Amino acid sequence: MDAVPGAQPSALTDQTARYSVTVASGRMKIAGQLDTPLPSGVTIKIQLAAPSGATSMGSVVLTDTPQDLVRFIPPGQRTGLPVTLILTATVTAGIVSYAASHVVLTLVDDP
Amino acid sequence: MKRFTKFIAAGVLCLTASVAVEAQTTATQGITFAVSAINVISATGSSVLTVNTATPGSNPTQASGVGATTYAVTTNAGSGSGVSQDITIEINSNMPAGLTLGATLTAPTASGTSAGAVTLSTTPVTAVSGITKTAEGGLAVAYTLDATVAAGVVSSASRTVTLTIVTTP
């Protein structure tokens, strides 16, 4: 994506990733975080599609602290659920060379 | 006078993703991202300039453009890297003898310095210099027209103005 003159750079969306989750019993939630901080001015949002019976938290800005992404996941096995990633950068970020980061998804009890 | 919008654009936001499962309750997803150079400019509006009066004993009075003419610019060129962007301006055909077309571009608030009033010709001239990490629109472009008596009566004519964002040094 490019930028419209006068506006910040356009956001870029990736929807090629998928996730799978299996809950044996009880009710669970998925939290997500980055393992390394992003450069200043760069933001990554993530949205996980909710399995049947669960609730997606929508598009969530990822940080190095866990954020709830999907809640109230009932028992069951689900595969190939869509993951949407959105990258945005302000002009203050400048030019950023290729860098790698990881999104850590954690399945935990949802009381 | 006619205007058209000229875009100089380079660079994209790049994002790829893949999934790897590490453990039963934790999964990691690799992300590779980059932000390339982005330098884009646009111009909107048109201006009409008519020289039609004079103070007796003097050359005709300068005319100011009628009509809103603005430009917008986005660049992520770094302020700390020594690289900045200039905006040059030119017209597609020189003015008739005795006529001088001038332009003044307002510099963005965030960065850059206006060169003030510049004379337009087919040779690009810098109108704004030193723009870094800026995204602003609605920036004014003010046109003026001067004519000497030697120009005589000049029928209505038009020119196309081109604004170009260039990387310096």
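This is a predicted model: local features need pLDDT of at least 70, side-chain atom pairs count only at pLDDT 80 or more; totals for chains, interfaces and linings use all residues.

Me: What share of the contacts in chain B between residues at least 6 apart in sequence joins residues at least 24 apart?

Reply: Chain B has 169 residues, of which 40% count as buried. Taking the contacts in chain B between residues at least 6 apart, the share that joins residues at least 24 apart is 73%.

Me: Why is strand β4 of chain B described as largely enclosed by the rest of the structure, and how many of its residues are buried?

Reply: Strand β4(B) covers residues 39–44. It pairs in the antiparallel sense with β6(B), residues 70–75, over six bridges, and N39(B) stands opposite T75(B) in this pairing.

Me: Is T88(B) buried or exposed?

Reply: T88(B) lies in strand β7 of chain B, residues 84–91. Beyond residues up to four places away in sequence, T88(B) touches P124(B), V125(B), T126(B), A127(B), T162(B), L163(B), T164(B) and V166(B). Its relative accessibility is 12%, and the limit for burial is under 20%. T88(B) therefore counts as buried.

Me: How far apart in space are T148(B) and N92(B)?

Reply: In sequence, T148(B) and N92(B) are 56 residues apart. In space, taken C-alpha to C-alpha, the separation of T148(B) and N92(B) is 22 Å.

Me: What area is buried between chain A and chain B?

Reply: The contact involves 43 residues of chain A and 38 residues of chain B. P5(A), V91(A) and Y98(A) supply 18% of the area that chain A buries against chain B, more than any other three residues. Carbon and sulfur atoms give 66% of the area buried between the two chains, which is about 3,200 Å².

Me: How many residue pairs in polar contact does the rule find across the interface of chain A and chain B?

Reply: Salt bridges across the interface of chain A and chain B number zero. For residue pairs in polar contact, with both residues at pLDDT 80 or more, the count is twelve.

Me: Which element gives the most to the side of chain A that touches chain B?

Reply: On the side of chain A that touches chain B, at least two residues each come from β1 (12–14), β4 (42–48), β8 (76–89) and β9 (96–109) of chain A. By class, this side has 30 nonpolar, ten polar and three charged residues. With twelve residues, the element that gives the most is β9(A).

Me: With which strand of chain B does β9(A) pair in the antiparallel sense?

Reply: The pairing runs over nine bridges. Within it, A100(A) stands opposite T32(B). The partner of β9(A), formed by residues 26–35 of chain B, is strand β3(B).

Conventions: Residues are numbered from 1 along each chain as its sequence is written. Chains are lettered from A and ligands numbered from 1 in the order in which they are written. Side-chain values use heavy atoms; hydrogens and water are left out. Contact means heavy atoms within 4.5 Å. Buried area is the accessible area (1.4 Å probe) that two parts lose on being put together, summed over both. A salt bridge is a side-chain nitrogen of Lys or Arg within 4 Å of a carboxyl oxygen of Asp or Glu. A polar contact is a pair of N or O atoms within 3.5 Å; within protein, one must be able to donate a hydrogen and the other to accept it, and residues adjacent in sequence count only if both atoms are side-chain atoms. Helices (H or I, at least four residues) and strands (E, at least two) are DSSP runs, numbered from the N terminus. Ala, Val, Leu, Ile, Met, Phe, Trp, Tyr, Cys and Pro count as nonpolar, Asp, Glu, Lys and Arg as charged, and the others, Gly among them, as polar. Two strands pair if DSSP finds at least two bridges between them. Buried means under 20% relative accessible area, exposed over 50%, partly exposed in between (1.4 Å probe, protein chains only).
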